[in-house]
Amino acid sequence: MEEMLTEAARRLGVTGAQVAVLADGELREAATGVANAELGTPMDARTLIQIGSTTKLHTAVLVMTLVDEGVLDLDTPVARHLPELRLSDAAATASVTARHLLSMTSGIDNGFYDDPADYLATLSSMRMLFAPGDGYSYSNASTVVSGALVARLTGSSWDEALRRRVFEPLGLRECLTLWEELPYHRVAVGHAPDGSVVRPWTFSRASGPAGSTLCSTAADLARFGELFVRAGAGVLSAEACAAMQVPQVSLPTRRFADRWCLGPYQRDFGGTTVLGHSGTNLGGSSTLLWVPSTGVVVAVVCNSPHAGYPLAAAVTAELLGAAPADVEPATRLTADAGPYEGRYAACDLRYEVTSVEGVLTVTLEDVASGAVSPPVALLPLDEHRFLPEQDLSGGRGWDLAFVVRDGRAARLVSGGFAARRIA
């Protein structure tokens, strides 16, 4: 396993990585590369790496512990517990539920990557993408609301609730969220494509529940994932654990996931159902997968965020013996471009979709900087779904799809992130 990991990391330009596999109660793990290129610190299996958005699974488990205790109903509006919650739409504020938050169907935009003193207050000025329950859009902001819900109903911080309710019962000693604990562990730092160390170490404390602070080893990430194949492992009831793995919504795209459950995504690996989550931030990238039919759990973590998803894809395909199928795209648009052409907006991005000599193209504008990408051709995969000719997803290889209503696209979804039509 170490040789396979080392070869994949070398080929993909990964500075340091870990992999852990749990099967039949036996843990196998391996590490390769360096944790900090400036210091020459070797990566070992006990080095903590930021796991990014895979943290959302931990937050979802916390929410479900509250459901188990009877203090939270998944289908009761969360404003009943968080009266200070003010979304930009009053009807959405009154109707959004924990089920919406966990299944990425809340309609709340992804949110900004800053560190506000009061994160919930920023949501009032951020346009909704759609009414709660009326679609799918991956949302960091939704998960931060889930974290606030956990804090309110436990009477503690999200960090403290995670430690007491998840880490300690599962015996996870190589997971932490508080920066003051870092000096007591070996810790990796993020690396850019040229191999240089990334600064700052993280972007936000406020986004902790969504994935800005949690560090783990691959081994502890796999041990956490094992609760999903062990009927909750005492952290959750068997009923809550099973409920988390029931699909709630199908995605219009496919290269990110096929369906979303109450926290995990679900994907088809060559006819085998696989669940899990992935994540990337400034310091690292991770993928956690488990196979319900076999009980196998795989965790891959690395400190080269730009290559984390390709590394995880290569390693998990080798270990599981299967991978999601990639569809070869056509080279020309064969359908009418009219339904898709227009402008689309998310809180931090703008997309403009046009047709040039029969080929659908998209340009991407970063709202903060004003930078606009060159036009990128969209190559058809199937109905309403396309593959950008040049990757728009930071090396993830995601597809792009349109949600069409009454013959006209109402939304664009890039990988997991939606943008509403504005023109």
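The model is predicted: local features need pLDDT of at least 70, side-chain atom pairs count only at pLDDT 80 or more, and totals for chains, interfaces and linings use all residues. Residues are numbered from 1 along each chain as its sequence is written, and side-chain values use heavy atoms, with hydrogens and water left out.

Two sheets are described here. Helices (H or I, at least four residues) and strands (E, at least two) are DSSP runs, numbered from the N terminus. Two strands count as paired if DSSP finds at least two bridges between them.

Strand β1 (residues 16–23) runs antiparallel to β2, and eight bridges link the two. Within this pair, Gly16 lies opposite Gly33 of β2. The hairpin of β1 and β2 has two residues between the strands. There, Asp24 adopts a positive phi near 55°.

Strand β2 (residues 26–36) also pairs with β3. This pairing is antiparallel and rests on two bridges. Asn36 has Thr41 of β3 as its bridge partner. Four residues separate the strands in the hairpin of β2 and β3. In that hairpin, Gly40 has a positive phi near 70°.

The other sheet is a closed barrel of eight strands. It runs β13-β14-β15-β16-β17-β18-β19-β20, again with antiparallel pairing. Strand β16 (residues 376–382) and strand β17 (residues 385–388) run antiparallel and share four bridges. Pro380 is bridged to Phe386 in β17.

Leu412 belongs to strand β19 (residues 408–414). Leu412 counts as buried because its relative accessibility is 0%. Buried means under 20% relative accessible area, exposed over 50%, and partly exposed in between (1.4 Å probe, protein chains only). Contact is defined as heavy atoms within 4.5 Å. Residues up to four places away in sequence aside, Leu412 touches several residues, including Tyr344, Tyr351, Val353, Phe402 and Phe417. Leu412 and Asp89 are 323 residues apart in sequence; their C-alpha atoms are 21 Å apart in space.

In soluble globular proteins, nonpolar side chains tend to be buried together. A nonpolar core is a set of buried Ala, Val, Leu, Ile, Met, Phe, Trp, Tyr and Cys residues joined through side-chain atoms within 4.5 Å. The largest such core here has 68 residues. Those with the most contacts inside it are Leu85, Leu123, Val166, Phe224, Phe228 and Leu236. Helix α2 (residues 55–69) gives the most to this core, contributing seven residues. Neighbours within four places in sequence aside, Leu85 contacts Val78, Thr93, Val96, Leu120, Leu123 and Val145.

The cysteines were also examined. A search of the whole structure finds zero disulfides, a disulfide being a pair of cysteine sulfur atoms within 2.5 Å. For Cys241, the nearest cysteine sulfur is that of Cys261, 11 Å away. Cys241 is buried, since its relative accessibility is 2%. For Cys302, the nearest cysteine sulfur belongs to Cys215 and is 14 Å away. Cys302 is likewise buried, at 1% relative accessibility.
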